[in-house]
Amino acid sequence: MKIPYYPGCTLNTVAKHFDASARDAAVSMGFEMEELAQWNCCGATFPLTPDNLIGLTAPAKVLSNARKAGDTLTTLCSVCYNVLKRTNKVMKDSKEKRAVVNGFIEEEYDGSLNIIHYLEVLRDRVGFVKVKEAVKRPLKGVKAGCYYGCMLLRPFEDIGIDNAERPTVFEDLLRALGAEVVDFPNKIECCGAHLAMNNEDVVVRLSGNVMTSAVGMGAELIVTSCPLCQYNLEKSQPKVSERTAGYAGVPIAYFTQILGLALGQPVEGLGFEKNATDIMPLLQKKGIV
Amino acid sequence: MPRIGVFVCQCGNNIASTVDTKKVAGEMSKLPGVVFTCDYKFMCSSPGQEMLKQAIKENKLDGVIVSACSPHMHEKTFRKASEAAGLNPYQCEITNIREQCSWVHHDKTRATGTVKSIDLTRMTIERLKRNKPLKKIKIPVRKKALVIGGGIAGIQAALDIAEGGRDVILVEKEPSIGGNMARLSETFPTMDCSQCILTPKMVEAELNERITLYTYSEVEKVDGYIGNFTVQIRRKSKYVDEDRCTGCGECIEKCPFKVESQFELNLTKRKVIYTPFPQSVPNVPVIDAPNCPKIQKDKCGACAIACGPKCIDFKMQDKIVTEEVGAIVVATGYQLMPNERFGEYGYGRIKDVISGMQFERLASSSGPTGGEIRRPSDGKVPQSVVFIQCVGSRDEKKGVSYCSKVCCMYTAKHTMLYSHKVHGGQAYVFYMDIRSGGKRYEEFVRKAIEHDNAMYLRGRVSRVYEKDGRVVVQGADTLSGSQVEIEADMVVLATAIVSREGADTLAQRLGIGYDKDKFYNEYHPKLRPVETVTAGIFLAGTCMGPMDIPESVAQGSAAASKVLALFSADEMAREPITSVVNRATCNACWDCLTACPYSAIERESVKDRQGNIVRWLAKVNEGVCQGCGVCVAACRSKSIDLRGYTDEQVYAAINAF
């Protein structure tokens, strides 16, 4: 099974290990992530004013190119997923906007692409039962907190990957990998997102709430699906440790790294050294490596 | 030659300001067949009607036209006056020159209005010339009523009909009547105990000789029409002989198996042979067959051994009974929206997040905690409780668009009950708006806030989660513009009221309308609030939409009075404006049958002398037909006509234009 794949800019630069671990895991699960021959930035923000159509042109161009490669497109980064899926909905539902955007990018895209997240590929096409069977290095005893963030889930009507207020897809995957799942209240709260650029205090507070709430519920590891979440959590960690009494930090990793680990891939190839937090002591403590 | 009289009304200045009524009358007098014309200030007044009567007699008129307001206003008035003067009432026709003419034209020279009035009146004259005298349709009425639903609205309707001296069948789906009201602890705004005011009525319904109670039963099929319904009722097997059971309760005592109690909303368990609650009417237990090992696997049978009068029969089957009734009152009530839909509130995941109805059971002295407020997880008395209003109500995205109407009041009541039972406990309420319209309702809410110190926070809750055995509620306080976080011991959700599951199926079975939320439609929301478009079927209570107990009771009584009015005569007279099939040309294609919204078309067979069916024909049931004319339009062979509006009449009117 080959699935057309849109990596996005971040996965091509600072989050290369997210991209690589996902591709490797896909191969062990029996499918291939086929990168689009030609792609551009998704725009990184879905325009929230309804008449700001220029913001739709970049993602529409991506979609139009992808449609030429097939009827499905998968992606990993939560922001890309969010922007592409919402743009696709506009292109499908609004005749007027579709005409304007197509006219600008000189394409004839009709919104017929099916955009699915890597998690959906695992859940709906591969199946978690099969994932479980493929596990060679079960994450026994690892208490993992699954951090969804916002972009993967909301707005529900446009995204619909899972129940936006009580999602389970992430937890189901981690359970299949043998981990113990910790439910924590802030798992679908915002990390601070782009405020990392101009208001670090807010990011430290919000990301701090995510981490302390997860650790408070007993998490020993936070698993993410978004490069921006990963960045904000990693970046805030020292300040949060400084400000919060009794908080000693927690390792943070992409879910694809954890997936690769469980599937028995060589630990060195998973890119853990590129994460700002060190997961190795935890894995050694649990006897996984 | 016909002898027609035309009466043009000025309606004060309503018509006269834009229509020259004198000119209209004058023009009409020139038409063949018109022998009398006049105009007058108020035709509907007593002298106006006298003038009409006198003109009919003096000029020997055989047809009358009143050019005035809409026939909805005064057609009845003028037909009655015509009848009094010896004319067939259906020989009196109305031309609408007010709503459809004078009111919509502003031409002060009166030219437009006058010309149009002349045209309209001329058309009516041509139609009237082809009228046939009609007679009211008489239908016999069976003076027995069916009430579907044994909640407070249905009980009230049944009691009032019985008190009016008519027989009633009360059908209830559950093993006991009482409905949702039986679950409530106290009732706002007077705080009288729900059971104390309800159970006497339940007993009264059971003891009343005119009321036949069919509990654990459902309406399967409804045929017929006003005054003549045939209803099939499935009486589900109780596995207990109702006539011999003494209600001693020995069987319940001895039953060794327990399952979740639906009546207690899963807060506690009940036996497999059970009555829903101690005050059940009738006090006859039923066996929950899917959970009974005796019925499923032929193991146990402890109840039958314990039963003194030996009235338990594990082989009992469902029975279908057929009843003939003249009127039906639908009072099927409501249910609550599943709270699991709102993941942010944690219902179903966090034990101490409960619904408002569950709180009623906790506060009820006959409830699982004997009236003490104890939280489900560990039975502790909660020291602080957060109440969240509008869970699903006024939320088009995830819930329903409407306001559930009673939640503001019962939440205020809950905070009071809580503060009376747990001294020093703090209640918090998250609300959108406080809607307390009703007698003594606003004062009641003020009392909860001012006297019982409930802390009202205007804003929504974003998240509820568990932390160290407590329930943390995160929300917004929009009045202070801040985010709040409350650590509470219990959370109560004021869940939206929704229509009952299967409400649409029942509506289709009965032939009544329902809205997008599957609440039943009244005939007219203001002026005919308990009638449906199907004659003889009435509505009461929350099957129409959210309402409180006083409203439900009022509607039960209103529906009963409608039923009693219908039963007051042996025969019922109906307007003869119905469709009629031309038996010579009907080719039985059944397009009319599928088109008819009232199921008024029947299949009629024509037999030869040997009794073999040789032909089929469509037949209009005059008791059901509403004269809408849909079948006339649908008929491809033009074999159906509407009395009073035949094709001939309509074409003549158009030609006269």
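Mentor: What follows goes from the division into domains to the contact between them, then to the core and to one helix.

This is a predicted model, in which local features need pLDDT of at least 70 and side-chain atom pairs count only at pLDDT 80 or more, whereas totals for chains, interfaces and linings use all residues. Residues are numbered from 1 along each chain as its sequence is written, while chains are lettered from A and ligands numbered from 1 in the order in which they are written.

Chain A is divided into domain 1 (2-118) and domain 2 (134-285), with bounds that come from an automatic or database domain assignment. The centres of these two domains of chain A, taken over C-alpha atoms, are separated by 24 Å. Across the boundary, 22 residues of domain 1 of chain A are in contact with 22 residues of domain 2 of chain A, where contact requires that the C-beta atoms of two residues, placed from the backbone, lie within 7 Å.

On the side of domain 1 of chain A that touches domain 2, at least two residues each are supplied by helix H1 (9-12), helix H2 (16-29) and helix H4 of chain A; helices (H or I, at least four residues) and strands (E, at least two) are DSSP runs, numbered from the N terminus. H2(A) gives the most to this side, with 9 residues. By class, this side of domain 1 of chain A has 11 nonpolar, 7 polar and 4 charged residues, with Ala, Val, Leu, Ile, Met, Phe, Trp, Tyr, Cys and Pro counted as nonpolar, Asp, Glu, Lys and Arg as charged, and the others, Gly among them, as polar.

The largest nonpolar core has 89 residues, and the members that touch the most others are Ala144(A), Leu173(A), Ile222(A) and Val223(A). Helix H4 (residues 78-93) of chain A gives the most to this core, with 7 residues, and at least three residues are drawn from each of domain 1 and domain 2 of chain A. Such a core is a set of buried Ala, Val, Leu, Ile, Met, Phe, Trp, Tyr and Cys residues joined through C-beta atoms within 7 Å; a residue is buried if 20 or more other C-beta atoms lie within 10 Å of its own, exposed if 12 or fewer, and partly exposed in between, with C-beta atoms placed from the backbone.

Leaving aside residues up to four places away in sequence, Ala144(A) touches Leu174(A), Ala179(A), Glu180(A), Val181(A), Val182(A), Ala219(A), Leu221(A) and Val223(A). Apart from this core lies another, of 63 residues, among them Leu159(B), Ile177(B), Ile512(B) and Leu566(B).

Helix H6 (residues 118-126) of chain A deserves a separate look. Its buried residues are Tyr118(A), Leu119(A), Val121(A), Leu122(A) and Arg123(A). These buried residues of H6(A) pack against strand E1 (2-6), strand E3 (72-75) and strand E4 (114-117) of chain A, and also against H2, helix H7 (128-134) and helix H9 (169-176) of chain A. After H6(A) comes Gly127(A), whose phi is positive, near 95°.

Finally, there is the contact with the other chain, which takes 4 residues from chain A and 5 residues from chain B. By class, the side of chain A that touches chain B has 1 nonpolar, 1 polar and 2 charged residues.
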